Amino acid sequence: MNQSSQQNPATIRVAVLKARWHADIVDEAHAAFMHEMDRLTNGLAIVDVFEVPGAFEIPLQARDLAKTGQYSAIVGCAFVVNGGIYRHEFVAETVIAGLMQAQMDVGVPVLSAVLSPHHFHETDEHRRFFLDHFKRKGREVAKACVAVLAVREAIAKVA
C-alpha cells in the first residue's frame, strides 16, 4: 500500500486485547503487531494494550472499547488450544462470532489474531512452530488493520 492510500497515521489509535493463556505465544503476535504498526505508520499510531484472562473475555472488552469512540480499530490476540475436550472449538467459534458481532454493533473494525490449531502438544517442536506462527499473524493483523482503516477513510470521503 502506498503512503497516499493510508489513513493519516496520527489519527490511528488501536486497542489490542491479549489473552494470558499461553501468554508467551500470544505475546509474539503482540510484539510483531507493534513492530509492523510502527513500520506501517512511521511510529505515529497509538496502541493501547489490555490483558484479559483468556480468549472468551475478548469480545465483550472489544465491544466496550469500541463504544468509547477512542479507537480506530480493536485487535484481539489469543491462542485457544485443545485441552483434551471439545471446549476449545466452542470457545474459538464463540470468540470469533463475538468479535464480528462487536464490530457490527458498534461500527468499529475488530480484527482477530485469535487462533485455534487442530492439534497442539506441549512439545518444544510445537511451541517453536506456534511462536513463529504468531509472529507472522501479528504482522498480518497489523497490515490488515492499516488496510481496513484506509478503506474506511476512502468510503468516508465518498459518503
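Colleague: Is Glu28 buried, exposed or partly exposed?

Modeller: Buried means under 20% relative accessible area, exposed over 50%, and partly exposed in between (1.4 Å probe, protein chains only). Glu28 is partly exposed, with a relative accessible area of 25%. This is a predicted model, in which local features need pLDDT of at least 70, side-chain atom pairs count only at pLDDT 80 or more, and totals for chains, interfaces and linings use all residues. Residues are numbered from 1 along each chain as its sequence is written, and side-chain values use heavy atoms, with hydrogens and water left out.

Colleague: With which residue does Glu28 form a salt bridge?

Modeller: A salt bridge is a side-chain nitrogen of Lys or Arg within 4 Å of a carboxyl oxygen of Asp or Glu. The partner of Glu28 is Lys135, and their closest N and O atoms are 3.9 Å apart. This pair links distant parts of the chain, since Glu28 belongs to helix α1 and Lys135 to helix α4, 107 residues apart. Helices (H or I, at least four residues) and strands (E, at least two) are DSSP runs, numbered from the N terminus. Lys135 is partly exposed as well, at 31%.

Colleague: Which other residue forms a salt bridge with Lys135?

Modeller: An α-helix has 3.6 residues a turn, so residues three or four places apart point the same way. Asp132 forms a salt bridge with Lys135, the closest N and O atoms being 3.7 Å apart. Both lie in helix α4, three residues apart, about one turn of the helix. Asp132 counts as partly exposed, at 47% relative accessibility.
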